[in-house]
Amino acid sequence: MRSLEALTLDQVVDTARYPLSELAGARGQAVVSRARRDLSTLGCTVLPDFIRPSLRDVLRQECSAIAPRAHHDVETVNVYNIAVDSALPEDHPGRKTFERGNAFVARDRIPADSLISRLYSDVVFRHFIASCFELPELHELADPLSGLVLNVIAPGMEHPWHFDTNEFTVSMLTQQAQSGGAFEYCPNIRTAQDEHFDDVRDVVDGRGERLTRRLPLRPGDLQLFKGRYSLHRVSPVRGEVARHSAIFAYSERPGVIGSVERTRQLFGRVLPEHLAAEGRAVRGDRLLD
């Protein structure tokens with residue numbers, strides 16, 4: 001096999017199945033149409049074997065090598081990622097708390113020549129993602145830490161029920177847990193106009209089976225997800241092996257940088273770019289998080 005530095009996008013991605021450079025053709029249109037349909041109806045789509053099977057071991061090894069660089073922290077959180085002592089009604093789902101024990105490797109600690117870094121920065125890949133989400137274009141985050149991250153969930157830990165701040169998420173499992181670590185979500189459980197607190201409360205109290213889907217994922221599968229409106233979690237990881245997943249963060253506008261509070265929470269540090277950008281964030285809705 002060629003050195004990783006010499007690999008082209010066609011050699012990394014199964015472009016016979018996912019023709020990223022030929023989206024106007026029949027096969028490209030079929031892939032994009034299916035993704036759009038899934039996202040519209042289910043809030044999520046999975047592109048199986050997006051990374052060529054011959055590179056799965058490379059993907060796993062690269063991410064396993066950088067996993068020890070993750071910032072680990074165990075926090076008490078709620079589904080809205082707001083302060084757990086917020087003044088909320090007695091029956092509000094935000095009063096239910098969980099222990100979150102996942103960890104993140106920041107972008108500046110991920111080698112630029114790794115498979116996930118090169119995929120994240122590839123213009124053709126980014127255009128494909130934008131097409132699937134029916135967006136005119138997407139931009140890499142200007143944030144030097146959170147544009148691309150590796151999420152690490154160690155055995156005994158979980159990423160409990162929560163909503164995302166971004167409307168869409170792009171991720172790829174790079175290492176499966178030995179047991180547990182399932183991705184579970186509640187498609188479109190809320191809207192930009194209605195929080196649907198009763199349904200959310202049922203899920204966090206363990207009565208939400210009717211609202212919940214479990215999604216089987218394998219290393220190398222690409223997942224596109226609307227996490228702003230779909231409550232979701234990664235169930236507790238069991239056994240001896242951590243769960244690793246790459247998260248590709250994009251924005252509809254250029255120059256996006258995370259808040260100081262959220263950045264310090266995720267990575268244990270902030271950079272001058274975060275301090276300079278503080279207070280300039282614009283929200284697109286009035287939802288809790």
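Val170 stands opposite Phe248, a residue of strand 16. The model described here is predicted, and its local features need pLDDT of at least 70, side-chain atom pairs count only at pLDDT 80 or more, and totals for chains, interfaces and linings use all residues. Residues are numbered from 1 along each chain as its sequence is written, and side-chain values use heavy atoms, with hydrogens and water left out.

Strands are DSSP runs of E with at least two residues, helices are runs of H or I with at least four, and both are numbered from the N terminus. Two strands count as paired if DSSP finds at least two bridges between them. Strand 16 is also joined to strand 7 by 6 bridges, again in the antiparallel sense, and here Val149 stands opposite Ile247 of strand 16. Strand 16 is largely enclosed by the rest of the structure, because 5 of its 6 residues are buried. Buried means under 20% relative accessible area, exposed means over 50%, and partly exposed lies in between (1.4 Å probe, protein chains only).

Strands of a sheet pair through backbone hydrogen bonds, either parallel or antiparallel. Strand 5 is joined to strand 7 (residues 148-153) by 4 antiparallel bridges, and Val105 stands opposite Leu150 in strand 7.

Contact means heavy atoms within 4.5 Å.

Strand 8 pairs with strand 14 (residues 231-234) in the antiparallel sense over 2 bridges. In this pairing His159 has Val234 of strand 14 as its bridge partner.

## Salt bridges

The structure holds 20 salt bridges, a salt bridge being a side-chain nitrogen of Lys or Arg within 4 Å of a carboxyl oxygen of Asp or Glu. One of them joins Arg34 to Asp38, with the closest N and O atoms 3.1 Å apart. Both residues lie in helix 2 (residues 26-42), 4 residues apart, about one turn of the helix. Arg34 is partly exposed, with a relative accessible area of 28%, whereas Asp38 counts as buried at 16%.

The side chains of Arg269 and Asp108 also meet in a salt bridge, at 2.7 Å from N to O. This pair links distant parts of the chain, 161 residues apart: Arg269 is in the loop between helix 7 (260-267) and helix 8 (272-277), and Asp108 is in the loop between strand 5 (102-105) and helix 4 (115-121). Asp108 is partly exposed, at 43% relative accessible area. Another salt bridge connects Asp205 and Arg207 (3.7 Å, N to O). Asp205 is partly exposed at 36%, as is Arg207 at 45%.

## Overall form

The protein has 8 helices and 17 strands, and its C-alpha trace spans about 60 × 45 × 40 Å along the principal axes. Its radius of gyration is 19 Å, which agrees with the value near 19 Å for a compact globule of 289 residues. This radius is taken over C-alpha atoms, and the globule rule is 2.2 Å times the number of residues to the power 0.38.

Of the 289 residues, 51% count as buried. The protein exposes about 13600 Å², of which carbon and sulfur atoms supply 49%; accessible areas come from the Shrake-Rupley method with a 1.4 Å probe, and for residues only the protein chains shown count as cover. Among contacts with a separation of 6 or more, 83% are between residues 24 or more positions apart.
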